[in-house]
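The exercises below ask the reader to follow strands and helices through a structure, one step at a time. Please look over the sequence and the model before starting.

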Amino acid sequence: MTVIRGAGPLEGTALGEFLAGLDRSFADFAELHRWSVEDLDGFWRAIRDHFGVEGLSDEVLVGREMPGATWFPGSAINYAAHLLQGDPQQSAVVAYSQTRERRELTFGDLADRVARCRAGLRRLGVGRDDRVVGFLPNIPEAVVAYLACASLGAVWAACAPEFGARSVIDRFAQVEPTVLLTIGGYVYGDKPIDKTADVATIRAGLPTVRHVVAVPYGSWEVPDATPWDDLLGEAAELAFEPVPFDHPLTVLFSSGTTGLPKAIVHGHGGILLEHYKNHALALDLRPGDRFCWFTTTAWTMWPILVSGLLCRAAIVLVDGNFLYPDLTAQWHIAADARLTHLGTSPAYLMACRKAGVEPPAVGDLSSLRLLGITGSPLPDDGFDWAAEQLGTGVLVNSMSGGTDVCSGFVAGNPWLPVYRGELAGPCLGVDVTVFDEAGREVVDEVGELVIRAPMPSMPVRFWNDPGDARYRESYFDEFPGVWRHGDWAIHTARGSFVITGRSDATLNRGGVRLGTAEFYAVVEELPEVADSLVVHLEASDGGPGELLLFVVVAGGGVLDDGLLARIRGALRSELSPRHLPDVIEAVPAVPRTMTGKKLEKPVKQILRGRPVEEVASPGAVDDPSALTAFAERAALSASAP
C-alpha cells in the first residue's frame, strides 16, 4: 500500500508535548494506544492533568460496562469555562458569510458577548436544565448563545436554516424548549432565502416556547420577538454554573430519514475531555492556529468546530453555499483566513480533482498544516490528489466517528504515516476494532466496526427514551456490552482502518459482502459520472438478488452504450466481476441527508415498494424530489406483468 506521508517528528507538536509530560515512554503509537485503552483511568487522568481541566474528581471510571459506565463521579465542571480562557486580545472567531460582511471577535469580545447573553437569557427566565434552541446559521451569534447556555447549565440544540419547518419541529419539540433564537432569512450564494413563513410555523409548533429572540441577519425581520441587541443590552460579569460530569450540554439529532430523529444527549464532561484529546493529539491544534470546518449548525462537526477554542485557536465560521461562486470557494477562504486546519468533505475534494482545480494557484496556502476529511470515505485517488496539490507538509487526516459520540473513533495524527485510501489508526482512548458476525475480532477482513470499552462522550442518554430502550437498540443489539456503530470496516494488520460503507446498506453477492464505498470510488472517477448510488435487492428464494447502480450523468449527458461499457469495464478491472451490476440506470439526482450522506437504505426500501413518506422525511433530505425517480421505478416494477 502506497505511503502518502511518513510518520512525522513529534517535536513541536501537541502530541509530543503531551508525551513529554508523562512519566513513561512509548516505542511507537501502537504501544501508546494500547496503554490508553488498557489503562482508561491512567490515560484520562493524564488528559485531565495535561489540559488543566478544573473540577474533575480523582476517581475516573466506575465500571466499564456499556451502557452504564460512570465517569468522574462527584465532579463539578462547566464546558464553557474552558473555552473562554484565551488571551483577550487574541482572535477567537472569524466569520465569513454571503449575507453580511466578514466579522471577527477576539477572546475578549467573545467573553463579553457570552456574559451579556447569559444575563439576557436569565432575564428571560432561563436557568439550569432549561432548553434553548437555535434556528441559526453558522455565525458568531450561534457560538455566543451556545456558550451562554452552557455557562448557565441550560441545554442547547440547533437546526440550520435550510431545514424545513416540519423537520425543525420534529427535532425541537422533543426537547420542549423555552426559548427560540432565530433569523428571518439568509443568502445562499446569490439567492435570498426568506424563512419568515417557516419561522412562524415553527413557533406555532413549539407550544413550550415562551420567548423568541430575533438575530439580525440580512433584511428579514421576525415579528413579536426580543431583538438580539436587547438580549445583549446589559453588561454583566462572566460566571459559570458548576454541573456534574454528565450534565446535558447539547442535544444533537440524527439525520432522521425515517421517523423522529434520535435526540442524542451529550454531557459537559464527555465533550470537554474528548475534544481536548482529539483536537490537540489527533488534529495537532495549537494556540494561535486557525481552524475551519465547512459545516452547518445542525451537524456534529459544528460543536467540534466550536471546541477549537479549547486549544486557544481561532475558529473560522462559514455560512452560505460552500461552492459559491465556484469550486475554488473553500480554497479562497483557506488562503484569505490563513487557515492552519481546513476540514471538508471527500465529495468536495473529488469534485476539485475532477474539475482540475489547483488549490496552490487559488491563493497562499503556506499556513495550512492539516486537511481534515470526514462524512464518507475518501477514495485512493483523493489521497493522491491532496498530496500532489498540498505537499507532504500537510497532514491528510481522514477521520471517522459520529454524531453519536460527537468525536472520532479512527483518525490520523503526527506520529502515524498516511496510507492512500486508509484512515491512519485508532484514536487514543478508543478501543476500536472490527468483529465478524460471530463477534470475533478479525484483521484484514470486512466486518462491523465496534467499540469495546466506554468513551467519555458516549451519549448520556437519548431524550425521552424510557429505560434507554432506543439507546440500547441503536448500539448494543447485536453484541451485548459492545458498541456496534453501523459501519463496515477493515482493520488492517498494520493498524489502519478502511471504512467500506454503512453495514445496513451492505451489498451481499453470493455470500460475499461488498462495501458501497468501493463502487463510488470507481464509478465517480469517470468524468462522465457526477454522482452514483448502489443498492442490492436480495432475492426471497436465497438467490443472488439484483444489484442496481444508479448514476447521475455529468453535464446533462446521456447514459449511452459507450458509457455503460466504460462503467462495467472499470468495475470489472478495478474491483471484480462480482461487482458488476445487473442494472445500470440514470437518475436526475442522488438523494442525500442534509449532511451529505447518500440515502442508500431508504432508496432500497422504496424500491421494495414502501411509500416515500414512510422511509424518508422530506425535511431531512437535501432534495426531496430526488426520491421521485426511485418511487416511479418501483411503481413501474409493481405494475409489470
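**Exercise 1: a sheet**

In this predicted model, 4 strands form an open sheet in the order β24-β25-β27-β28, with antiparallel pairing; strands (E, at least two residues) and helices (H or I, at least four) are DSSP runs numbered from the N terminus, and two strands pair if DSSP finds at least two bridges between them. Residues are numbered from 1 along each chain as its sequence is written, local features need pLDDT of at least 70, side-chain atom pairs count only at pLDDT 80 or more, totals for chains, interfaces and linings use all residues, and side-chain values use heavy atoms, without hydrogens and water.

Task: describe how β27 and β28 pair.

Solution: Strand β27 (residues 483-491) pairs with β28 in the antiparallel sense over 5 bridges, and I490 stands opposite V498 in β28.

**Exercise 2: two helices**

Task: describe how helices α13 and α15 pack.

Solution: Helix α13 (residues 346-355) packs against helix α15 (residues 380-390) at an angle of about 70°, their axes being 10 Å apart. The two helices α13 and α15 are therefore roughly perpendicular to each other (65 to 115 degrees). The contact (heavy atoms within 4.5 Å) is made by L349, M350, C352 and R353 of α13 together with D381, G382 and W385 of α15.

Methods. Axes are lines fitted to C-alpha atoms, for helices over the stretch in contact, and angles run from 0 to 180 degrees between N-to-C directions. Angles under 35 degrees count as roughly parallel, over 145 as roughly antiparallel, 65 to 115 as roughly perpendicular and the rest as oblique.
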